[in-house]
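These are my working notes from one sitting with a two-chain model. I wrote down what I looked up and in what order.

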Amino acid sequence: MNIIVPIKQVPDLVEELQVDASGKDLDREWLKYKVSEFDDHALEEALLLKEQHGGSVTAIALDGEDIDKALFAASAKGADRVIKVTGDFKGASNHTAAKALANVIKGMPYDLVLTGVQSVEDRDGQIAVLLAHYLGTPHISVVTGVEVAGGKVTVHKEYGGGVVAEFEASLPMVLGIQAARETPRYVPVSRVRQAMRDANLEEVAGDGSGVSAGSSISRMFKPETGGGAEMLSGSAQEIAGKLAAIIKSKM
Amino acid sequence: MDGGRFLYRRVGYERVFIYGFWRRYRKYRRGKDADRFNNLVGRFFKALGAMATNKTVYKRDSYAGAAHWMIFWGFVVLFIGTAIVALDFDILKPVFDQSILVGTFYKWFSLFLDVFGALFIVGLFMMLFRRGKKPPQLDYKRPDLKPEQYDRSGYQKDDKAFLWLLIVIGVTGFLLEGLRIAAEGMPAFEVWSPVGYVLGLMLGGFGPETLHPYVWWFHAIVVLGFIAYIPYSKAMHMLVDYANLMFKDDLAAKRLPKVSPEKMKEGIGYRKIDDFTWKELMDFDACTKCGRCHVACPANASGAPLSPRDLILDLRTYADATIGNGTSEIFQQTFSEGVKAGKGGKISIAGDIIRADTLWACTTCMACVEACPVGIEHLTTIVNLRRTLVDAGTMENSLQDTLANIGDYGNSFGQSDRARAKWTQGLEFKVKDARKEPVKYLWFVGDYASYDPAVQQMTRKVAGIFEKMGLDYGILYESEKNAGNDVRRIGEEGLFEMLVEDNMAAFAKSDFKEIVTTDPHSFNTLKNEYPEFGSSYAVHHYTGLLCKLLDEGKLKFSKKLRHYKVTYHDPCYLGRYNGETEAPRKLLRALGVEFQDMRRCGANSFCCGAGGGRIWMDDSKLEKRPSVQRIEEALEIDGVNLFIVACPKDYTMYTDAVKSSGNEKRLAVRDIIELVEEAM
């Protein structure tokens, strides 16, 4: 079983976030970056599957802030290959990122692609479905459990309201991971440092151009505190009507 | 008498002894190097002193200490005396037709031997009596296993055999003397053997000439049997424990062993029995099961699955089974099949032989190492095994998160490293930046003092008092990282080294002469462990520095705080680890408070339960948290109203314990700095 895990670095929310002068992005000068929590879960699930069924795990990431550190940590945790896709991916949308990743992944043998279902700084939470689209494979997102048996994969997906569905799907496919079965493992610093010295960080040139971003940022601002709350009452239909009127008035 | 046959037998006993001794020696040779051969002469005499005085046995158990002293010196004197008699009787008389055991020398010699012989027997009976009272430290009940999972009756047999063999040897020795004196017709000069003389008077009517050879043979065979028995029993402690004391590291636990670069590469920690050092292997054999560590341990006392005694004994059993050529003792502990099998066939030392929850239960308070009379370094072994768990990522999620936080931000709170000096905001003065201007004292603030909102209040008070006294001090602001004391004791050696490197780099960029800290944990590692990484600064705990300033007249109190009745909790890392018990008490005396120590104080203080990373682990499974036990101990003092601490973690732990045990109205927790501020 060969598993590919696209990961990425996101701003560390431990630091206070500031909007930059353009008003459309974070002021990134003082930002700290860390691996997206969901990607960490995707990697953990991949490592658990490898421990159960053998095979290999490849962590792949688009070039970006501190990405080497993230890939070395993945290697220390047990990823067999770590690949950095080079190119200019600053501010890339999920559409561009998925295209660039898919271009590289296409040329590699794989059974599963596991990635975080979303990240703190993505706009649409569509990275997994976009990857599946460009790779031409089936896809399931918001996954909380993966079991593999005889070329088939059984996937647990969470819905709202506490509903869980179980899917059976055939390989290869892309899964957007919400949570791994176990808490992502701790990797001791000695092993990360060892990986920094010994691991072979492969570099592949990549390109995700030529696709639409799907959405764009018109303004970025901190949540504004409102002047109070208005409770809507009535039947569902009446409330919906009042809501629609309010939204229209603000547009 | 058939001298030839006796001689043959005697040689047989010796062979059994030598073989047993050699087997043990061969076992230790399998261990890794331990770097304990420096200052051999000093080590030799220091251990000799400890052995001759029995002071490590006497410490905190004067009854056992006195009894042991009598047995020890009785044994030594009788051994030497018997050797002199043998020399006189078997060599000097038949070969040279000479005797030294005549005249005045013989009289004093006889008296001396009789007195020590009597002490020997009295000591043994004192021990027998003590065992009869079943003190808790001699209870073999384990906190981690159910009674049906292990069998310690082997140890009990060994305890009894050792004691009774010595009693039989002592009593038959005296009987023999009495019979001889009676057989010789009670010569007058033999009153110099008072015990033997009295026995002679009593035995005169029982045919002493006939009885003597039988008793002689019996005594001789028991003695020789005992010699053969030594290396296969707890009697081995007579030899191993001297060596163990001699090779003990004075900084054991205070300074943990470094990990070699090769070991860092292949994975930290111990995986096979050969990974242990020869000193650790000797530690396992040195244990006499006196149980002092067992009753001193806060984990054991709070129902956690750890007893330092059982940990050492389990490792002894394992070492014997793997590299000891079977058992080294006649009487062993045994385990049920379930325990022996471990998990999944492949046995791992850290995990199966010693369970992970056992290793994680340790608060690294060092009470075991401090209590051990024979120089066992439990804590080093525990941390070495924890390293294996860390390498495999086997730990609680909360601990894992904390380690990740310390790795990412340099603090255990998971807050931005740039917020480290936020506590200085709102002070009426500016705390100097040691990176930008030269200062005399670098104040190493530490995580809890920097980030914990409750402790920050104390930190600001410390700053205010430093300022008031005109102390030339500064801090490292966001360049300071967690000092790594507890990180190292968790077993995350790579992270510890990273923190040391970062802090040392910040030190190098700053200009200061000495270091002061309020945190005993940081104090310990800065003082004892950083020097191995190149630091050469003098390190002070704030209580020591305040005392010094008090002596110099720079710290002055304007009033006496007579209205408080206080007790003081010695932090493990200050009192036990670093012997600083006087400075805080001196401050309290100068403050004029009414002061009374708790039952356990000074180096014998009882841990709050926070050390060695425990503060970041779940303690909800404990029967009664050590901090709550400690508060109850403080409340044994009549009329006490303040519980004084000198450690940020203690402040957090005890404030919580006082609340959760519902004692808020009776007792308040105060940092000593609060009293200092009040009295200034």
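**Conventions.** I worked on a predicted model, in which local features need pLDDT of at least 70, side-chain atom pairs count only at pLDDT 80 or more, and totals for chains, interfaces and linings use all residues. Residues are numbered from 1 along each chain as its sequence is written, while chains are lettered from A and ligands numbered from 1 in the order in which they are written.

**Chain A, overall.** I looked up the secondary structure of chain A and found six helices and eleven strands. Helices (H or I, at least four residues) and strands (E, at least two) are DSSP runs, numbered from the N terminus. Along the principal axes, the C-alpha atoms of chain A fill a box of roughly 60 × 45 × 40 Å. Of its 251 residues, 40% count as buried. For burial I used the count of other C-beta atoms within 10 Å of a residue's own: buried at 20 or more, exposed at 12 or fewer, partly exposed in between, with C-beta atoms placed from the backbone. I then took the contacts in chain A between residues at least 6 apart in sequence, and 71% of them join residues at least 24 apart. A contact here has the two C-beta atoms, placed from the backbone, within 7 Å.

**D66(A).** I found D66(A) in the loop between β4 (56-62) and α2 (67-77) of chain A. With 13 other C-beta atoms within 10 Å, D66(A) is partly exposed. Leaving out residues up to four places away in sequence, I see D66(A) touch Q9(A) and Y33(A). K32(A) is 34 residues from D66(A) in sequence, and the C-alpha to C-alpha distance is 8.9 Å.

**Helix α5 of chain A.** I listed the buried residues of α5 (residues 189-198): V189(A), S190(A), R191(A), V192(A), Q194(A) and A195(A). The cover over them includes α2 of chain A, together with α10, α19 and α23 of chain B.

**Contact between the chains.** Chain B puts 22 residues into the contact and chain A puts in twelve. On the side of chain B, α10 (261-266), α18 (378-392), α19 (397-409) and α23 (493-509) each supply at least two residues. Which helix gives the most to this side? I find α19(B), with seven residues. By class, this side of chain B has nine nonpolar, eight polar and five charged residues. I counted Ala, Val, Leu, Ile, Met, Phe, Trp, Tyr, Cys and Pro as nonpolar, Asp, Glu, Lys and Arg as charged, and the others, Gly among them, as polar.

**Domains of chain B.** The assignment, whose bounds are automatic or from a database, gives domain 1 (47-138 + 152-246), domain 2 (261-392), domain 3 (411-551) and domain 4 (565-679). Over C-alpha atoms, the centres of domain 3 and domain 4 of chain B are separated by 22 Å. Their contact takes 27 residues from domain 3 of chain B and 28 residues from domain 4 of chain B. In domain 3, α20 (447-451), α21 (453-468), α22 (485-490), α24 (520-529) and α25 (542-551) of chain B each supply at least two residues of the side touching domain 4. The largest share of that side, six residues, comes from α21(B). I sorted the residues of that side into 13 nonpolar, eight polar and six charged.

**Five-stranded sheet of chain B.** I read the order of this open sheet as β5-β7-β6-β8-β9, with parallel pairing. Strands pair if DSSP finds at least two bridges between them. β5 (432-433) and β9 (538-541) of chain B are at the edges, each with a single partner strand, so one side of each has no neighbour in the sheet. Two bridges join β5(B) to β7 (residues 473-475) of chain B in the parallel sense, and D433(B) has I475(B) as its bridge partner in β7(B). I also checked α24(B), which lies across β8 (514-517) and β9 of chain B and runs at about 165 degrees to β9(B). Axes are lines fitted to C-alpha atoms, for helices over the stretch in contact, and angles run from 0 to 180 degrees between N-to-C directions.

**Four-stranded sheet of chain B.** This open sheet has the order β11-β10-β12-β13, with parallel pairing. Its edge strands, β11 (594-595) and β13 (668-671) of chain B, each pair on one side only. β10 (residues 565-568) and β12 (residues 642-645) of chain B run parallel and are joined by three bridges. In β12(B), L642(B) stands opposite V566(B).
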